[in-house]
Amino acid sequence: MTETLPPLDDIGLAPPEPPHAATEVWQKELDSYRRAMPLSRLLGNGMEYADALRLHELAQSGVSWIEAGVWLAERNLALAREAKAAGRLDTARSYFFFGSACLRFAQVAIPTDTPNKRALYRRMVEAFAEGAALSTPPISKIEVEWGSAKLSGWLMAPAGNEAAPVVIQFGGFDGWREEYHLGAEYLVKRGVAVFLVDLPGQGEARLFNNLYMDDRAYEAVSAIIDRLHGIPALQPTYGVWGNSMGGCVAAMAAIHDERIAAACVNGGTVSPIELVERFPRFSEKIEALTGASDPAAAAAIVRRFDLSNRLDRLTSPLLQLHSVPDQVFLLENARKVHDLAASTDKSLVVWERGDHCMYNHSHEKHCLVAD
């Protein structure tokens, strides 16, 4: 018997069309999303290959980045529900995660915290939760008290009865914890649990709990350790893995909390304000992150993340990853984290051809960190 699979568009969901009056300005905006979210980043952080290609193709043709991402998400979620109903749970799990990734990258194109961004983000979290429930063992969502509100994250624990050490992982300016699920799986396969979390200023913490980032964010990491302590599946042995600006928070946390046994700084730098000083257009991102009312106030908060005068107190083992071409945080500034740290066990690994956070060396990066 010969069976022909339906094409991408033939599942009852018509693909979005470009606007009839697309302008040069509109296309330049779409091109900026393609540069900010290249295939390496999409693939290295959870999107399926065909989806990543199609998202770029649709944007190149003039289709809204958001509409294209949502359409691809709906297709994945339809396939997930069909597979789940048929009992094909591994297949369903994969499509729920693919759908969640499409929604995650769609909402990135909305810079401010609008109702539409919140709606897309909520759908993204719901899709991820459906995939999490089908994982083995299930990925559980845990809340952490933080002032009058809550932080929340996904706990991924290895199978088996032995308690595992745990790595707390988070992002930076674009802090969406689900983006690091793929890399977390490398740790879980090696017997290390992972807690993927949105810090203040990131993801659910910001969009739904009105929590914003300041230079005391490392205290949230300590609160997370307090919450994880005593969970039967976990050893009281903690590591932190911060990505991009999150690398500054990881270093701060390791300086201030002696329970942290090791720190990984991926794509971070000694003073993250350098990005805004070189590229003022990023002010909008840091205003959203910090909840500041204007660029100057946001910049003042980010300047307080400077690690220069703190690293002489960083003594835990340190692994730092960076690349020569990184234009978000320049290598000449980033390497100061390694050079100034007082750690006796420290390594700086530099990729000659890597991009920011080594999205284009995803497997190699994840193996290196997990090992």
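Guide: In this predicted model, eight strands form an open sheet with mixed pairing, in the order S1-S2-S4-S3-S5-S6-S7-S8. Its edges are strand S1 (140–146) and strand S8 (346–351), each of which pairs on one side only. From one strand to the next, the twist averages 20 degrees. Strands of a sheet pair through backbone hydrogen bonds, in either a parallel or an antiparallel manner. The pairing of S1 with strand S2 (residues 149–156) is antiparallel and comprises seven bridges; within it, Val144 has Leu151 of S2 as its bridge partner. Helix H10 (residues 246–256) packs on the sheet, where it touches strand S3 (164–170), strand S5 (234–243) and strand S6 (260–266). The direction of H10 makes about 140 degrees with that of S5.

A residue of another helix may be considered next. His338 belongs to helix H14 (residues 331–340). Among the residues that His338 touches, leaving aside those up to four places away in sequence, are Lys346, Ser347 and Leu348; Leu318 and Gln320 are also contacts of His338. His338 has a relative accessible area of 17% and therefore counts as buried, the limit being under 20%.

Finally, a helix pair deserves mention. Helix H5 (residues 89–107) packs with helix H6 (residues 115–133) at an angle of about 160 degrees, their axes being 8 Å apart. Because angles over 145 degrees count as roughly antiparallel, H5 and H6 are described in that way. Their crossing is left-handed. The residues of H5 that meet H6 include Phe96, Phe97 and Leu103, and those of H6 include Leu120, Met124 and Phe128. By class, this contact of H5 with H6 has nine nonpolar, three polar and five charged residues.

Methods
Residues are numbered from 1 along each chain as its sequence is written. This is a predicted model: local features need pLDDT of at least 70, side-chain atom pairs count only at pLDDT 80 or more; totals for chains, interfaces and linings use all residues. Side-chain values use heavy atoms; hydrogens and water are left out. Two strands pair if DSSP finds at least two bridges between them. Helices (H or I, at least four residues) and strands (E, at least two) are DSSP runs, numbered from the N terminus. Axes are lines fitted to C-alpha atoms, for helices over the stretch in contact, and angles run from 0 to 180 degrees between N-to-C directions. Contact means heavy atoms within 4.5 Å. Buried means under 20% relative accessible area, exposed over 50%, partly exposed in between (1.4 Å probe, protein chains only). Angles under 35 degrees count as roughly parallel, over 145 as roughly antiparallel, 65 to 115 as roughly perpendicular and the rest as oblique. A crossing is left-handed if the near helix is turned anticlockwise from the far one by less than a right angle, and right-handed if clockwise. Ala, Val, Leu, Ile, Met, Phe, Trp, Tyr, Cys and Pro count as nonpolar, Asp, Glu, Lys and Arg as charged, and the others, Gly among them, as polar.
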